[in-house]
2 protein chains.
Amino acid sequence: MSTIVSLNKALTEFYDKMASWESSVVRESEYSLAQIHTLEVLGNYGAMNMKSLANQLGITTGTLTVQVEKLVKLDLVKRQHSEDDRRSITVALTEAGQAIHEHHNALHLSLTEDLSKDFSEDERHTLMALLNKVNQEF
Amino acid sequence: MSTIVSLNKALTEFYDKMASWESSVVRESEYSLAQIHTLEVLGNYGAMNMKSLANQLGITTGTLTVQVEKLVKLDLVKRQHSEDDRRSITVALTEAGQAIHEHHNALHLSLTEDLSKDFSEDERHTLMALLNKVNQEF
DNA sequence: ATAGATAACTTGATTGTCAAAGTAAATGTC
DNA sequence: GACATTTACTTTGACAATCAAGTTATCTAT
């Protein structure tokens, strides 16, 4: 089997397992997958407008409007009108939202520690570097 | 920043981008994300019973029963009663389901080719090997 | 036998989703 | 500057996905 096919399998399998892990972790929390995912993107990439956020999440802005509305009511995110473009709305984490993101991120970090527990420091670094190269191509 | 934190970021970012790619690819098809994902798991890991499949997909068997029902009506999967355990039902792809899986898999392969287009054969191989090591730990 | 565990299914309530249409603001063109 | 077009977001209506809890059938252990 060619390297590219094996690589494809490995990437796909990792994606599947990550999705499965994510959904089981989220199910134990009091928030939904969609909600945690939204907080996660805002925490990892910083505040952004509705369009970018919807794009990151892979949903329409219509769906996102409803989602953000709920998060605002839960005091997890806040909306800020942009000054240069009054149509645009920047969505940002509140302190409470930031706290939830940090907690969720700690779970991710602990997973990463687990997954790479038998790696040498070199191997970790190599995997990280290669993944970053992949991520840039996306 | 420590290697483990960078590695965590890289893994998370890859997962996010993959999820986003998957949802945009699926939106262009006539099937839903949940449906394609089900076919994908059956295609990649082979036929399995309801419990294993639900577990792989990260959903309850109750949800899966409904989902499989739709796929059976669409003639994409079939149910087979297990012989050793009459409670158990094995879900398998039909020929039509297999065809859709193969088409979807081709898209994945083409993505992998794209993402690793600037990689040497050595780099591809290293990334594949490290990912497989990660996958085994899950 | 029979009690308990397991695999799948059913049901009811909730949430997530899109497409399409609507509003308000910015941009381009004449 | 007026007006058409584009852009950013929201609203609405219909439908799909999901879970939790309860049910049925079957298996396992005692």
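Predicted model: local features only at pLDDT ≥ 70, side-chain atom pairs only at ≥ 80, totals over all residues.
Visitor: What makes β2(B) and β3(B) paired strands?
Guide: In chain B, β2 and β3 (residues 89–93) are joined by five bridges in the antiparallel sense. Strands pair if DSSP finds at least two bridges between them, so β2(B) and β3(B) count as a pair.

Visitor: What makes β1(B) a partner of β3(B)?
Guide: Two bridges join β1(B) to β3(B), and these strands run antiparallel. M48(B) has V91(B) as its bridge partner in β3(B). The strand itself is a DSSP run (E, at least two residues; helices are H or I, at least four), numbered from the N terminus.

Visitor: Why are β1 and β2 of chain B placed at the edges?
Guide: The open sheet of chain B has the order β1-β3-β2, with antiparallel pairing. β1 (48–49) and β2 (77–81) of chain B each have a single partner strand, so one side of each is left without a neighbour in the sheet.

Visitor: Which strand order is found in chain A?
Guide: In chain A, three strands form an open sheet in the order β1-β3-β2, paired antiparallel. Its edge strands are β1 (48–49) and β2, each pairing on one side only. β1(A) and β3 (residues 89–93) of chain A share two bridges in the antiparallel sense, and N49(A) has T90(A) as its bridge partner.

Visitor: What is the angle between α4(A) and β2(A), and how is it defined?
Guide: α4(A) lies across β2 and β3 of chain A and runs at about 115° to β2(A). The axes are lines fitted to C-alpha atoms, for helices over the stretch in contact, and angles run from 0 to 180 degrees between N-to-C directions. In chain B, helix α4 (residues 61–73) lies across β2 and β3, at about 115° to β2(B).

Visitor: Why is Q35(A) called buried?
Guide: Its relative accessible area is 10%. Buried means under 20%, exposed over 50% and partly exposed in between (1.4 Å probe, protein chains only), so Q35(A) is buried. Q35(A) lies in helix α2 (residues 33–45) of chain A. Leaving aside residues up to four places away in sequence, Q35(A) touches Q67(A), K70(A), L71(A) and L74(A); contact here means heavy atoms within 4.5 Å.

Visitor: What makes D75(A) worth a look at its phi?
Guide: D75(A) has a positive phi of about 60° although it is not a glycine. Most residues other than glycine have a negative phi. D75(A) sits in the loop between α4 and β2 of chain A and is partly exposed at 46% relative accessibility. D75(B) also has a positive phi of about 60°; it is placed in the loop between α4 and β2 of chain B and is partly exposed at 47%.

Visitor: How do you know which residues surround DNA strand D?
Guide: A residue is near a strand if one of its heavy atoms lies within 4 Å of it. For DNA strand D there are 22 such residues, the closest being K51(A), T65(A), R87(A), S32(B) and K70(B). Sugar and phosphate make up 77% of the atoms of DNA strand D within 4 Å of the protein.

Visitor: What makes the approach of K51(A) to DNA strand D a polar contact?
Guide: A backbone N or O atom of K51(A) lies 2.6 Å from a phosphate oxygen of DNA strand D. A polar contact is a pair of N or O atoms within 3.5 Å (within protein, one must be able to donate a hydrogen and the other to accept it, and residues adjacent in sequence count only if both atoms are side-chain atoms), so this pair qualifies. For DNA strand C, a polar side-chain atom of R27(B) lies 3.4 Å from a phosphate oxygen, and a polar backbone atom of T60(A) is 3.0 Å from one.

Definitions and conventions: Residues numbered from 1 in each chain as written. Chains lettered and ligands numbered in written order. Heavy atoms only, no water.
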